[in-house]
Amino acid sequence: MALLNFADVRGYRALNAQACRVAGSALTERYASASPFPHIAIDDFVPREILRDVLTDFPARREQTAFDRHQERLKYQFSPQQCGSAVIRNLFAELNSAAFLGFLQELTGIDGLIADPYFAGAGLHETMPGGHLGIHADFNRHRAMNLERRLNLLIYLNDDWEDGYGGALELWDNRMTACEQRIAPILGRAVIFNTDLDSYHGHPDPLACPVGRSRRSIATYYYTVPRNAEFGIERETQFRVRPVSDDRRDWKMILHHVMQDWTPPALRKGRRGALLPRLLSR
């Protein structure tokens, strides 16, 4: 039995708001006490038949370009708007619904959560054999809505996934000295966690799954009105280097943040602000 179930409303699958709040409140203490930062892994999060329908309709990579640099390699990303599948669009609509926000608010204790209708960085993700995602902390500002990112939700779509394939989600301490949690990306397992500037996570080692397999997941992110009126520190995705590894520093992003921190606000706005991205693109 899944934690969250859907009622059929004339062919549309809908969550129940009260049931969502009850389910979230039952897990509050477990979430808050987790280390290295508040998080939870939940098996059988939603019915597996829905996830198998998502897999059946999973979009093709034909016209997509993968991320392919040292920090993030062979990863594809599909926005829900790219998907013609009613099943996929229905699921993402419910993950952005008031009912689901109620679940998240009860679970995490974060009030006033806002879903992202633009799905910035979110959607369906697929990483191919040999691909990886370095340890990182996520971008913290939704530029279109000027909101602060607070939570990530990942739901894994990998049936019959063997440990030897790799791809476990790693959660690292805030000093980047040790991995405290490794969570296998198996079908039906959801991971929810706080996204602060030191919530370091990723799956940094190359996938060893066979050709013809890939690591697939659903990702949605949630926001609030900024906690600080000035919302002064804006960060893009910050990749970190593991100790005793061949990880490389993301010098381009480091330089971007240094220039951003030291550039007067007036020069970061309007036409004059375009100078900074032009310099970084060279």
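**Helix packing and burial in a predicted model**

Among contacts in the protein chain between residues at least 6 apart in sequence, 80% join residues at least 24 apart; contact means heavy atoms within 4.5 Å. This is a predicted model, where local features need pLDDT of at least 70, side-chain atom pairs count only at pLDDT 80 or more, and totals for chains, interfaces and linings use all residues. Residues are numbered from 1 along each chain as its sequence is written, and side-chain values use heavy atoms, without hydrogens and water.

User: What makes helix 3 oblique to helix 4?

Analyst: Helix 3 (residues 48-56) and helix 4 (residues 86-95) pack at about 130°, with axes 8 Å apart. Under 35 degrees is roughly parallel, over 145 roughly antiparallel, 65 to 115 roughly perpendicular, and the rest oblique. Therefore helix 3 is oblique to helix 4.

User: Which residues in helix 3 and helix 4 meet?

Analyst: I50, L51, D53 and V54 in helix 3 meet V87, I88 and L91 in helix 4. By class, this contact has 6 nonpolar, no polar and 1 charged residues. Asp, Glu, Lys and Arg count as charged, so D53 is the charged one.

User: Why is helix 5 called mostly covered?

Analyst: Buried means under 20% relative accessible area, exposed over 50%, partly exposed in between, with a 1.4 Å probe and protein chains only. In helix 5 (residues 98-108), 9 of its 11 residues are buried. Among them are F100, L101 and F103.

User: How much of the protein chain is buried?

Analyst: Buried residues make up 49% of the 282 residues.

Conventions: Axes fitted to C-alpha atoms, helices over the stretch in contact; angles between N-to-C directions. Helix = DSSP H or I, 4+ residues; strand = E, 2+ residues; numbered from the N terminus.
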